[in-house]
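Please keep the sequence and the model open beside the text, and look up each residue as it is named.

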Amino acid sequence: DAGVTQSPTHLIKTRGQQVTLRCSPISGHKSVSWYQQVLGQGPQFIFQYYEKEERGRGNFPDRFSARQFPNYSSELNVNALLLGDSALYLCASSSEDRGWGTQYFGPGTRLLVL
Amino acid sequence: GNSVTQMEGPVTLSEEAFLTINCTYTATGYPSLFWYVQYPGEGLQLLLKATKADDKGSNKGFEATYRKETTSFHLEKGSVQVSDSAVYFCALSDPSSGGSYIPTFGRGTSLIVHP
């Protein structure tokens with residue numbers, strides 16, 4: 001089975017712009033989570049979705065939003081980009097049979113805000 | 001709230017040396033514990049996990065034992081290789097957090113192995 005896929009792999013934006021990141025989970029996984037990883041730090045939780053419903057939200061401003069589609073893929077949107085939004089954005093999927101807390105990560109989208 | 005504390009890196013070792021990376025946690029419930037590894041330019045990969053006290057997770061020569069009495073989950077490997085050079089993250093997932101299983105990660109420990 002294919003792993004978690006994310007697109008695009010890299011992205012350069014300017015302050016004030018908006019960005020949409022995409023994620024496809026492992027086949028059969030119904031839960032998707034989004035994380036922000038700043039250089040030298042661990043992943044910081046942004047959102048978790050299960051069956052198209054938001055199951056958790058981290059301590060991020062309302063400029064960050066997400067959704068999950070009927071095929072369990074997901075999008076993360078960030079509006080009014082700031083320089084501090086530059087980071088690696090990771091998507092992870094999980095399933096009940098492997099344990100909901102076990103996260104399977106994609107390769108990430110590296111966002112640079114100029 | 002939940003938290004994970006890892007030893008600061010970088011940890012620098014020679015090939016075939018013994019590795020220990022310390023990890024301690026605080027949690028409100030009975031968490032599952034994980035080690036993830038991140039190679040340069042990649043996402044995180046699950047290395048091993050343990051779901052209850054005294055469980056030992058193991059994979060690729062790495063081991064960690066869930067110690068509830070000391071709230072620890074230290075990562076060990078008997079003989080490291082250059083290819084083990086990466087950043088290692090300790091994490092916990094606590095279903096008591098409203099049933100949402102949202103993981104909490106440590107800051108990561110960089111391991112550098114020299115030939």
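1. A salt bridge, as the term is used here, is a side-chain nitrogen of Lys or Arg that lies within 4 Å of a carboxyl oxygen of Asp or Glu. Side chains of opposite charge can pair when their charged atoms come close. By this rule the count over all chains comes to nine salt bridges, and please bear in mind throughout that the model is a predicted one.

2. One salt bridge can be followed in detail, namely the one in which the side chains of Glu75(A) and Arg22(A) meet, with a distance of 3.4 Å from N to O. This pair links distant parts of the chain, since Glu75(A) belongs to strand E8 (residues 74-78) of chain A and Arg22(A) to strand E3 (residues 19-24) of chain A, and the two are 53 residues apart.

3. How many salt bridges are there between chain A and chain B? The count between these two chains is zero, although the rule for polar contacts does find three residue pairs across the interface of chain A and chain B, with both residues at pLDDT 80 or more. On the side of chain A that touches chain B, the elements that give two or more residues are strand E4 (31-37), strand E5 (44-50), strand E6 (53-57), strand E9 (87-94) and strand E10 (104-105) of chain A. The residues of that side divide into nine nonpolar, 10 polar and two charged.

4. The extent of the interface can be given in two ways, by residues and by area. In terms of residues, 21 of chain A are in contact with 17 of chain B. In terms of area, about 1,500 Å² is buried between chain A and chain B, and carbon and sulfur atoms give 57% of this.

5. The largest pocket has a volume of about 350 Å³. It is lined by 24 residues, of which Gln37(A), Leu39(A), Gly40(A), Gln38(B) and Val87(B) are the closest to its centre. Strand E10 (86-93) and strand E12 (109-114) of chain B are the elements that give two or more residues to this lining, and E12(B) gives the most, with four residues. By class, the lining of the largest pocket divides into 11 nonpolar, 10 polar and three charged residues.

6. The second largest pocket holds about 190 Å³ of space. From chain A its lining takes Pro43(A), Gln44(A), Phe45(A), Arg57(A), Gly58(A), Asn59(A) and Phe60(A), and from chain B it takes Ile102(B), Pro103(B), Thr104(B) and Phe105(B). The elements that give two or more residues here are E5 of chain A and strand E11 (103-105) of chain B, and E11(B) gives the most, with three residues. The lining of the second largest pocket has six nonpolar, four polar and one charged residues.

7. In chain B, the bond from Gly9(B) to Pro10(B) is cis, with omega near 0 degrees, and Pro10(B) has its place in the loop between strand E1 (3-6) and strand E2 (11-14) of chain B.

8. A further backbone point concerns Tyr72(A), a residue other than glycine whose phi is positive, near 75 degrees. Tyr72(A) is placed in the loop between strand E7 (64-68) and E8 of chain A.

9. Finally, please look at Asn2(B), which is found in the segment before E1 of chain B. The C-alpha atoms of Asn2(B) and Ala27(B) are separated by 4.5 Å, although these residues are 25 residues apart along the chain. The side chain of Asn2(B) also reaches the backbone nitrogen of Thr28(B), at 3.2 Å.

Methods
Residues numbered from 1 in each chain as written. Chains lettered and ligands numbered in written order. Predicted model: local features only at pLDDT ≥ 70, side-chain atom pairs only at ≥ 80, totals over all residues. Heavy atoms only, no water. Contact = heavy atoms within 4.5 Å. Buried area = accessible area lost by both parts, 1.4 Å probe. Polar contact = N/O pair within 3.5 Å; in protein donor to acceptor, adjacent residues only side chain to side chain. Nonpolar A, V, L, I, M, F, W, Y, C, P; charged D, E, K, R; others polar. 1 Å grid on protein atoms, 1.4 Å probe; cavity = no way out; pocket = protein on both sides within 12 Å on 5 of 7 lines; lining within 4 Å. Points joined across faces, edges and corners; volume = space filled by probe spheres on them.
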